[in-house]
Amino acid sequence: MPEHPRCGFVALVGAPNAGKSTLLNTLIGSKVSIVSPKVQTTRVRVLGIAVEGDAQMIFVDTPGIFRPKRRLDRAMVAAAWQGAEDADFIGVLFDASRRGVDEDTRGIVARLKEQGRQAILILNKIDLVRRDTLLALTEELNRDGVFTDTFMISAQSGDGVADLRRIIAGRLPEGPWLFPEDQISDMPMRLIAAEITREKLFVQLHQELPYAATVETESWEEFGNGSVKISQVVYVQRESQKAIVLGKGGSRIKRIGQAARTELEAMLEQRVHLMLFVKVREDWENDPERFAAWGLDFKA
């Protein structure tokens, strides 16, 4: 513990696909949140922990904030706002490569203004945008007086992220660290493993499978030779979706498993035996147990 420690929660909020999970992983320097081209990939609140000087920053990667249509959507949006309300510091991420400011981002700024909360504006993907466009976006988004600072970054390349870390660290309240210095997340490894497989599922089936799939780690068995056997179930809602996930002769689920196993072995630094099963559970999106496992409010 440093002599004058700082510590605080930093919520990363924004519309779906703004790059929150990519930024979190870059800020932490390790992968703690899954990333895919699909919007609304993040379902659970993910804590990523980083140390900068005397400060321990506890980043909260929240689900994207959008207009919810389903029960799961409502629970995800409620979790995102809860993360923002509980935070000491808020960063609003905006995908600067979008054509104009979207309604979801306008709604986030309006709600923060209504609550009297201040935040920092983080313009992401600046490497894809002309300078005059960035300046126009900065002016438009700062009109409501919610943002104290504007940062221009590329979460993918890391450009501008070091300055962002340093500024956030210097503004956190004084107080003892809440986690050991070498801890990078509070998520159980079983959940991280399930999330990694779900990411590979999304990457493989980006266009073909809707948000009708989830992954659960059923068992985790450590062996004396240092290897681990992980059994997971991919739940889908219909038999037709099961066929899509399996692929011809089981070829697709094999590719998904290989990609997940490779990443898990690198993360765990041990040999991984990954067993994947695909099952149909028609109404898993309305199962209170699933929501509880993700830390979401079923009644939101």
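**Entry 1**

I began with the surroundings of asparagine 124, which touches Ala18, Gly19, Leu93, Phe94, Asp95, Ala96, Ser97, Ile153, Ser154 and Ala155 once residues up to four places away in sequence are left out. I note here that the model is a predicted one. Asparagine 124 is part of strand β5. Its relative accessibility is 2%, so asparagine 124 counts as buried, the limit being under 20%. I then took one C-alpha distance: asparagine 124 and serine 154 lie 30 residues apart along the chain, and their C-alpha atoms are separated by 5.3 Å.

I moved to isoleucine 122, which also has its place in strand β5. Isoleucine 122 is buried, with a relative accessible area of 0%. For isoleucine 122 and isoleucine 153 I noted 31 residues of sequence separation and 7.1 Å from C-alpha to C-alpha.

**Entry 1: helix α1**

How many of the residues of helix α1 (residues 20-28) are buried? I found 8 of 9, so the helix is mostly covered.

I looked at α5 separately. The axes of α1 and α5 are 10 Å apart, and the two helices pack at an angle of about 75 degrees. The range for roughly perpendicular is 65 to 115 degrees, and therefore α1 is roughly perpendicular to α5. From α1 the residues in this contact are Leu23, Thr26 and Leu27; from α5 they are Val161, Leu164 and Arg165. Sorted by class, the contact of α1 with α5 has 4 nonpolar, 1 polar and 1 charged residues.

Just after α1, I recorded a positive phi of about 85 degrees at glycine 29. Further along, valine 32 sits in the loop between α1 and β2. Is valine 32 buried or exposed? Its relative accessible area is 7%, so valine 32 is buried. Beyond the residues up to four places away in sequence, valine 32 touches Leu24, Asn25, Val46, Gly48, Ile184, Ser185 and Met187.

**Entry 2: α7 against α8**

Helix α7 (residues 239-246) and helix α8 (residues 251-268) have axes that come within 5 Å and cross at roughly 60 degrees. That angle makes α7 oblique to α8. Ile244, Val245 and Leu246 of α7 meet Ser251, Arg252, Ile253 and Ile256 of α8. The residues of this contact divide into 5 nonpolar, 1 polar and 1 charged.

Lysine 125 has a phi near 65 degrees. It lies in the loop between β5 and α4 (131-141). Lysine 125 is partly exposed, with a relative accessible area of 23%.

The other is glutamate 269, with a positive phi of about 55 degrees. Glutamate 269 lies in the loop between α8 and β9 (272-280). At 72% relative accessibility, glutamate 269 counts as exposed.

**Entry 3: rings**

How many aromatic pairs does a search of the whole structure find? I found 0. I did find a charge over a ring: arginine 281 lies over the face of tyrosine 235, at 4.0 Å from the ring centre.

**Entry 4: the chain as a whole**

Last, I took the totals. The protein chain has 9 helices and 9 strands. Of its 300 residues, 51% count as buried. Among contacts with a separation of 6 or more, 70% are between residues 24 or more positions apart.

Note on methods. Residues numbered from 1 in each chain as written. Predicted model: local features only at pLDDT ≥ 70, side-chain atom pairs only at ≥ 80, totals over all residues. Heavy atoms only, no water. Axes fitted to C-alpha atoms, helices over the stretch in contact; angles between N-to-C directions. Helix = DSSP H or I, 4+ residues; strand = E, 2+ residues; numbered from the N terminus. Parallel < 35°, antiparallel > 145°, perpendicular 65-115°, else oblique. Contact = heavy atoms within 4.5 Å. Nonpolar A, V, L, I, M, F, W, Y, C, P; charged D, E, K, R; others polar. Phe/Tyr/Trp six-rings, centres within 6.5 Å; stacked < 30°, edge-to-face > 60°. Lys NZ or Arg CZ within 6 Å of the ring centre and 35° of its normal. Buried < 20%, exposed > 50% of the residue type's maximum accessible area, 1.4 Å probe, protein only.
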